[in-house]
Amino acid sequence: MLSLKRKKSVSSDCSVAGCFWLVIFCFVGGGLYYLVIPVAAARFYISSGYPLYSDVQSLLLSVDWVLYWQLVIGFFFAFLVGVLLSIKFPLLARREKYNSWQNIHPLFFVLLFLIQLYCYFLIRGQLFTGYMLSNWNEQYSVKAFLSGLNITLATMLIFNHNGGRKLLLVEWIPMVVNSVVLLGLGGRMYVLCGFLALLIYFRIFNHISLRKIFLAGFSAVFLMLIVGVLRSGATVSTEKIVYIFIGEPVLNWIGGANFLVTNAIHAFEAPSRMLSSLVGFVPTIIWPGKAEYLSSIGSDFIIESPAGGTHVLISLLSNFGVVGSMLSVVVLGFFSGLLAKIGARRRVYIPFFAMHCALLSFMFFRDTSLIHQKSLLINAFLIPYSLALLSAFFPKKHHLKLDGEQC
């Protein structure tokens, strides 16, 4: 019988079981927020007369609830199956007795900060104005770069702290400044994911207690809600804070529910939109017409998301169909479990694992597969680990050596 019972670690650092439970918690938490809460809070949302409440009311009467709940429960079950399958999957790489890697040199933080400042100069007229309008045109690529950069910076911070090393002020400044700027531009999701990844990392290695983690997490969410209220131009009040909290998943859910109502749902679909993600990795600055090309792929479906974002039902069903979606979530669970095992054996992969968990909690459920994959593979893996390799050419004083018994 497969078991996720936590085994006590010699150094109370990371354990495989702990990483398994963590990734399951993140997936289930994100699913509850974007799939269950919108339905549970729908009546309250309608009675409060919040934006698009009539759309929510109409969809409540139109959705095939048997299919809907089969999908929701199926996603949770499929992810768990994938994680359980990864438990018995043999890894060639065993826990190392000697674990080492090259930290990212502080000069790279300085370089990225200089690039940030140049980007801020390019969009100086849009700073601290809330959500940017659709007529932003070429400047939208700058905002996309800054958003993804926050994921990279958070991963770099974890990377450099992964051996218990104290972070320098110059390493903190780029992410702190960029987070403030993104909050002013309406990019709360990238700030939240970066902060959540840091909390996940601290939890993995017990650097701070659970009580402090929950307190920090609650404070961060509360701050994001207040920022959301202020960004909308309203006065901060309990009613407005509640609206921002439930409005995020409800408004995103409208797109997913509308997809179920207006489209024929098949068992399998050709993943043309998913394959387009490979094209999506090309930077917008290099290919300005990329957005138009991507929007034309998979246009056979009627997709309407009036509040922005792309609900997970749209991302999965339009690419794979019902049965194919379940299989894809099994693969996602298997990948997550495998990454948990690898991270627990080699600490160098913990930054990537922590960011994967953070993105799994939010971005997977409310953004396109393109955005999720790009943030994970490019911003959280390729850039930070490439910079770590380049840092090997610098003096070795930033080189960390770890006892394998620790992790």
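**Close-ups of a predicted model**

View 1. Ser-62 sits in helix α3, residues 53-62 (helices are DSSP runs of H or I with at least four residues, strands are runs of E with at least two, and both are numbered from the N terminus). This is a predicted model, where local features need pLDDT of at least 70, side-chain atom pairs count only at pLDDT 80 or more, and totals for chains, interfaces and linings use all residues. Residues are numbered from 1 along each chain as its sequence is written, and side-chain values use heavy atoms, with hydrogens and water left out. Ser-62 is partly exposed, at 41% relative accessible area (buried is under 20%, exposed is over 50%, partly exposed is in between, with a 1.4 Å probe and protein chains only). Val-261 is 199 residues away from Ser-62 in sequence, yet their C-alpha atoms are 6.5 Å apart.

**View 2. Helix α10 and its bend.** Helix α10 covers residues 238-262, and 18 of its 25 residues are buried. What happens at Gly-247? There α10 bends by about 40°, and Pro-249 follows within four residues (the bend is the angle between axes fitted to the seven residues ending at a residue and the seven starting there). End to end, the C-alpha atoms of α10 are 35 Å apart, which agrees with the 36 Å it should span (the expected span is 1.5 Å times one less than the number of residues).

**View 3. Helix α10 against helix α13.** The two helices pack at an angle of about 35°, with axes 7 Å apart (axes are lines fitted to C-alpha atoms over the stretch in contact, and angles run from 0 to 180 degrees between N-to-C directions). On the α10 side, the contact uses Gly-255, Gly-256, Phe-259 and Leu-260, while α13 brings Leu-313, Ile-314, Leu-317 and Ser-318 (contact means heavy atoms within 4.5 Å). These residues split into five nonpolar, three polar and no charged (Ala, Val, Leu, Ile, Met, Phe, Trp, Tyr, Cys and Pro count as nonpolar, Asp, Glu, Lys and Arg as charged, and the others, Gly among them, as polar).

**View 4. Arg-345 in helix α13.** Arg-345 belongs to α13 and is partly exposed, with a relative accessible area of 22%.

View 5. Cys-119 is buried at 7% relative accessible area, and Cys-193 is buried at 0%. The disulfide count is zero (a disulfide is a pair of cysteine sulfur atoms within 2.5 Å).
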